[in-house]
Amino acid sequence: MKTIFACLITCSLSLFSWSQSVETVSLKLSELITYVADQLPMDEPSQLLLLVEAPSNTWTMEHQFYLSQSLQLIQKRMKPEDELALILYGSYNQEVLSLSRSVVVKQVLDDLGRILNRPVSGARGDGIDIAFTVAENQRRADYQSKVLLIRNDVTPLAAKPPPIKSVGEGRAPKKSLGGTLAVTALGILPEVLAIIKD
């Protein structure tokens, strides 16, 4: 009987801790705005950790645009008790914004710009480990905790490949038939006018 009772307690505790775990969602940077529009605000108070891929040589104005628009939308949809954090992974493994209830988007973007504009320094740890450590250590029992793993998928405008040529491109241009059609039309014009008169 004691073993059954101990087993029930262990199972219920493990189920409770499992239900309180951190949920992870993987998104592309271009999908973040849609996700925020569909998912926020959440029913319960929430802790949202944005884990953004930041490679050293591919962060552009397009990336900045998508992230700034997403942060502004998150800021508008956050409830007063919600918390947000921004952590980078890739070449820059760093916490840009620790879990905070008040988010000043301009300040976050300025901090992000300062980080991304300096050369990549030595190993600072793994940004993914930093994010999950923050999520686990600062998790509140009555909050829904999510880590949004955001991959860098935005192609800079300057880096887009040239358009593919159609099969006929590159050949000598064909002669137009405009002159032939005009002569033919003028030739049958008297006949058309005669039919119209009758």
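Select Arg140 and Tyr143 to begin: Arg140 lies over the face of Tyr143, at 5.0 Å from the ring centre. A charge counts as over a ring if NZ of Lys or CZ of Arg is within 6 Å of the ring centre and within 35 degrees of the ring normal. The model on screen is predicted, so local features need pLDDT of at least 70 and side-chain atom pairs count only at pLDDT 80 or more, while totals for chains, interfaces and linings use all residues. Residues are numbered from 1 along each chain as its sequence is written, and side-chain values use heavy atoms, with hydrogens and water left out.

**From Arg140 to Glu83**

A salt bridge here is a side-chain nitrogen of Lys or Arg within 4 Å of a carboxyl oxygen of Asp or Glu. Glu83 is in strand S3 and Arg140 in the loop between helix H5 (127-137) and S5, so the pair links distant parts of the chain, 57 residues apart. Helices (H or I, at least four residues) and strands (E, at least two) are DSSP runs, numbered from the N terminus.

Is Glu83 buried or exposed? Glu83 is buried, with a relative accessible area of 7%, whereas Arg140 counts as partly exposed at 34%. Buried means under 20% relative accessible area, exposed over 50%, and partly exposed in between (1.4 Å probe, protein chains only).

Salt bridges that share partners join Glu83, Arg101 and Arg140 into one network.

**Other salt bridges**

The protein has six salt bridges by this rule. One of them is between the side chains of Lys146 and Glu23, at 4.0 Å from N to O. Lys146 lies in strand S5 and Glu23 in strand S1, so this pair ties together parts that are 123 residues apart in sequence. Lys146 counts as buried at 5% relative accessibility, and Glu23 as partly exposed at 37%.

Next, select Arg139 and Glu136, whose side chains meet in a salt bridge at 3.6 Å, N to O. Arg139 is partly exposed at 28% relative accessibility, and Glu136 is partly exposed at 41%.

Go to Ser26, which is found in strand S1. At 43% relative accessibility, Ser26 counts as partly exposed. Which residues does Ser26 touch, not counting those up to four places away in sequence? Ser26 touches Leu149 and Arg151, where contact means heavy atoms within 4.5 Å. The C-alpha atoms of Ser26 and Arg151 are separated by 7.5 Å, although the two residues are 125 apart along the chain.

**The nonpolar cores**

In soluble globular proteins, nonpolar side chains tend to be buried together. A nonpolar core is a set of buried Ala, Val, Leu, Ile, Met, Phe, Trp, Tyr and Cys residues joined through side-chain atoms within 4.5 Å. Select Leu50, Leu84, Leu88 and Leu148, the residues with the most contacts inside the largest core, which has 32 residues. Elements that give two or more residues to this core include strand S2 (46-54), helix H3 (61-77), strand S4 (94-100) and helix H4 (105-116). H4 gives the most, with six residues.

Centre the view on Leu88. Leaving aside neighbours within four places in sequence, Leu88 is in contact with residues including Leu51, Val52, Val96, Leu112, Ile115 and Gly127. Then select Leu49, Ile87, Leu99 and Ala135, which are among the members of a second, separate core of 11 residues.

**An aromatic pair and a cis bond**

Select Phe65 and Tyr66. Their rings form an edge-to-face pair, 5.9 Å centre to centre with 75° between the planes. Rings of Phe, Tyr and Trp (its six-membered ring) pair if their centres lie within 6.5 Å; planes under 30 degrees apart count as stacked, over 60 as edge-to-face and the rest as tilted. Phe65 is partly exposed at 46% relative accessibility, and Tyr66 is partly exposed at 26%.

Move to Leu40 and Pro41, which are joined by a cis peptide bond with omega about -5°. Pro41 lies in the loop between H2 and S2.

**The whole chain**

Zoom out to finish. The secondary structure comes to six helices and five strands, running α-β-α-β-α-β-β-α-α-β-α from the N terminus on. Buried residues make up 31% of the 198 residues.
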